[in-house]
Amino acid sequence: MRKKQVFKLTKKLDHVAFIMDGNGRWANLRGLPRHLGHHEACKRIIEIFETCREFNIKVMSFYAFSTENWNRPQEEIDHLMDYLEEFFHQQIDYLDSIGTKLIVSGDLSRIREQTRKVCYEAIERTKNNNNWIINVCLNYGSRDEIVRATKAIAEEVKEGKLAVADINETLFAKYLYTNGLPDIDLMIRTSGEQRLSNYLLYQNAYAEFIFTPTKWPDFRREKLIDCFKEFEKRNRRFGGLKNE
């Protein structure tokens, strides 16, 4: 059973994105191996998902692994993939039972075969669900995504399937991994860093940003609700002069 709301959101909030930062530092502060910080981080995803459901937020994006994360030690990468597989195995029955669609944004071709297989199975199993959407950004980089989209559009223009005059923001968005998802309304990054790190740059065009010093393994329900309260205070003008 979902917990009772402590306040009511009045602003449109359809899609919240998370940069789950600070896992390694969280572990180091406790004298633990870095990879155990990532393990603890995976445990927060369902709690954050449930809190978003509590406020009827339909879409959640989680930055699980970036195109730059390949620069990390292989042992840490292997643990990250282990924990991702564990998350899918442990949660897929529940997520499917409540109508959650799981999608993955990113280039899975470089991901190890076992993890890739688990992802594809989760995507296939939940593809017809439409109550909630969890978007896992895996081997994801926004610049890479935009370049891929541009190449795909250019190829279709070359083949005569598209005219240059057909290209607009709506069409371009259809070539992104996030095709069909609403733009991000709120982007939250934990651990105190204040940058996007190549994350959903196109989709974050008019998002509100909140940077919290709390490390992701400590980012619990009440911390997320604090972010919602801050979001509620924001005056979202979208380039205009509207006052709220």
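The axes of helix α2 (residues 34-54) and α3 come within 9 Å and cross at roughly 30°. That angle makes α2 roughly parallel to α3, a label for angles under 35 degrees; over 145 counts as roughly antiparallel, 65 to 115 as roughly perpendicular and the rest as oblique. Axes here are lines fitted to C-alpha atoms, for helices over the stretch in contact, and angles run from 0 to 180 degrees between N-to-C directions. Helices (H or I, at least four residues) and strands (E, at least two) are DSSP runs, numbered from the N terminus. The model is predicted: local features need pLDDT of at least 70, side-chain atom pairs count only at pLDDT 80 or more, and totals for chains, interfaces and linings use all residues. Residues are numbered from 1 along each chain as its sequence is written, and side-chain values use heavy atoms, with hydrogens and water left out.

The crossing of α2 past α3 is right-handed. A crossing is right-handed if the near helix is turned clockwise from the far one by less than a right angle, and left-handed if anticlockwise. On the α2 side they include Leu36, Cys42, Ile45, Ile46 and Phe49; on the α3 side, Leu80, Tyr83, Phe87, Tyr94 and Leu95 are among them.

Helix α4 (residues 113-126) has 14 residues and should span 20 Å at 1.5 Å a residue; its end C-alpha atoms are 20 Å apart, which agrees. The expected span is 1.5 Å times one less than the number of residues. Buried residues (under 20% relative accessible area; exposed is over 50%, partly exposed in between, with a 1.4 Å probe and protein chains only) in α4 are Thr115, Val118, Cys119, Ala122 and Thr126. They cover an arc of only 100° around the axis, which puts them on the same side of α4. The arc is that of the directions from the helix axis to the C-beta atoms. An α-helix has 3.6 residues a turn, so residues three or four places apart point the same way. The face turned away from the buried side carries exposed Glu113 and Lys117. The buried residues of α4 pack against α3 (74-97), β3 and β4 (132-140).

Threonine 100 lies in strand β3 (residues 100-105). Its relative accessibility is 0%, so threonine 100 counts as buried. Beyond four places in sequence, threonine 100 touches Phe49, Leu95, Thr126, Asn129, Trp132, Ile133 and Ile134.

Helix α7 (residues 221-233) has 13 residues and reaches 19 Å from first to last C-alpha, close to the 18 Å expected at 1.5 Å a residue. Its buried residues are Arg221, Leu224, Ile225, Cys227, Phe228, Phe231 and Glu232. They cover an arc of only 155° around the axis, which puts them on the same side of α7. They pack against β1 (15-19), α2, β5 (186-189) and β6.

Phenylalanine 211 is in strand β6 (residues 208-211). At 26% relative accessibility, phenylalanine 211 counts as partly exposed. Its C-alpha is separated by 8.7 Å from that of arginine 195, 16 residues apart along the chain. Beyond four places in sequence, phenylalanine 211 touches Met187, Arg189, Glu193, Gln194 and Arg195.

Definitions and conventions. Contact = heavy atoms within 4.5 Å.
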